[in-house]
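The following exercises are to be worked with the sequence and the three-dimensional model at hand. Each task is followed by a solution in steps.

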Amino acid sequence: MIQTLEFKERADIITERLDNTELNKILIEKIKKIGDVQNCKTNLQGDMTSWRMQEEKEFNIICKQAIEIIERSIPKHDNLGRKNLLVIECWGGVYRKGSVCHPHNHIPCAWSFVYYAQATHNDAPLVFPTASLGMRPETGLLVAFPGWVTHNVPIQEHDSERIIVAGNFKQVK
């Protein structure tokens with residue numbers, strides 16, 4: 001027998017503002033230069049780099065900052081998904097007018113993150129639909145959340161470019 005149930009679970013959403021002004025300039029230039037190598041075949045319907053950007057120094061810096069923030073923020077008694085995080089994917093993206101990111105999660109990843117290299121308060125928010133929460137982006141903001149959390153980005157309605165670095169971590173022993 002199969003039963004369909006709706007669960008209301010709790011999740012830690014971590015936010016921190018980073019001062020990466022010079023790094024942001026390099027990230028923006030690289031992401032825009034690479035362009036859309038995914039041909040809009042992912043949940044992100046906008047320009048998206050390869051999945052392996054953590055191999056590049058500047059992207060790896062953001063990944064390491066995200067790991068440090070997660071490990072520092074989660075209570076010490078909560079070892080599930082907190083320690084020994086390893087980057088398995090990292091990508092860059094550009095949202096222009098009309099771009100969208102469909103609802104999805106990153107199971108089986110322990111943690112996911114998005115970092116705004118360039119964003120304005122008028123840009124499309126990061127939405128966690130099961131929590132009825134939308135978070136307005138701003139340049140320098142890093143948002144980390146468990147990989148199982150459903151999230152999306154509604155249509156970018158403004159002409160500005162919302163440029164992100166995002167990634168996924170797994171827990172290793």
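**Exercise 1.** In which loop does glutamate 161 lie? Determine also whether glutamate 161 is buried or exposed, and which side chain it joins in a polar contact.

*Solution.* The model is a predicted one.
Step 1. Glutamate 161 is located in the loop that connects β10 (151-153) with β11.
Step 2. Its relative accessible area is 18%. Buried means under 20%, so glutamate 161 is buried.
Step 3. The side chain of glutamate 161 is joined to that of arginine 96 by a polar contact of 2.9 Å.
Step 4. When neighbours within four places in sequence are left aside, the residues in contact with glutamate 161 are Lys32, Val94, Tyr95, Arg96, Gln118 and Asp123.

**Exercise 2.** Give the strand order of the six-stranded open sheet and identify its edge strands.

*Solution.* 
Step 1. The six strands follow the order β1-β9-β6-β11-β4-β3, with antiparallel pairing.
Step 2. β1 (14-17) and β3 (47-48) each pair on one side only and are the edge strands.
Step 3. Isoleucine 14 has alanine 144 of β9 as its bridge partner.
Step 4. Across β1, β4 (85-95), β6 (111-118), β9 and β11 (162-171) lies helix α2 (residues 57-73), which runs at about 120 degrees to β4.

**Exercise 3.** Which residues of the largest nonpolar core touch the most other members, and which element gives the most to this core?

*Solution.* 
Step 1. The core has 28 residues; those touching the most other members are Phe113, Tyr115, Leu142, Val165 and Phe169.
Step 2. At least two residues of this core come from each of α1 (21-34), α2, β4, β6, β9 and β11. The most are given by α2, with seven residues.
Step 3. Apart from this core lies another, of 19 residues, including Leu44, Met48, Trp91 and Ala119.
Step 4. For phenylalanine 113, contacts beyond four places in sequence include Ile62, Cys63 and Ala66, as well as Leu142, Val165 and Phe169.

**Exercise 4.** How many aromatic pairs does a search of the whole structure find? Describe the pair formed by tryptophan 51 and tryptophan 91, then the pair formed by phenylalanine 113 and phenylalanine 169.

*Solution.* 
Step 1. The search finds three aromatic pairs.
Step 2. Tryptophan 51 and tryptophan 91 are edge-to-face, at 5.2 Å centre to centre and 70 degrees between the planes. Because tryptophan 51 is in the loop between β3 and α2 and tryptophan 91 is in strand β4, this pair ties together parts 40 residues apart in sequence.
Step 3. Tryptophan 51 is partly exposed at 34% relative accessible area, whereas tryptophan 91 is buried at 8% relative accessibility.
Step 4. Phenylalanine 113 and phenylalanine 169 are stacked, at 5.5 Å centre to centre and 15 degrees between the planes. Phenylalanine 113 belongs to strand β6 and phenylalanine 169 to strand β11, 56 residues apart.
Step 5. Phenylalanine 113 is buried, at 2% relative accessible area, and phenylalanine 169 is buried, at 0% relative accessibility.

Definitions and conventions:
Residues are numbered from 1 along each chain as its sequence is written. This is a predicted model: local features need pLDDT of at least 70, side-chain atom pairs count only at pLDDT 80 or more; totals for chains, interfaces and linings use all residues. Side-chain values use heavy atoms; hydrogens and water are left out. Two strands pair if DSSP finds at least two bridges between them. Helices (H or I, at least four residues) and strands (E, at least two) are DSSP runs, numbered from the N terminus. Contact means heavy atoms within 4.5 Å. Axes are lines fitted to C-alpha atoms, for helices over the stretch in contact, and angles run from 0 to 180 degrees between N-to-C directions. A nonpolar core is a set of buried Ala, Val, Leu, Ile, Met, Phe, Trp, Tyr and Cys residues joined through side-chain atoms within 4.5 Å. Buried means under 20% relative accessible area, exposed over 50%, partly exposed in between (1.4 Å probe, protein chains only). A polar contact is a pair of N or O atoms within 3.5 Å; within protein, one must be able to donate a hydrogen and the other to accept it, and residues adjacent in sequence count only if both atoms are side-chain atoms. Rings of Phe, Tyr and Trp (its six-membered ring) pair if their centres lie within 6.5 Å; planes under 30 degrees apart count as stacked, over 60 as edge-to-face and the rest as tilted.
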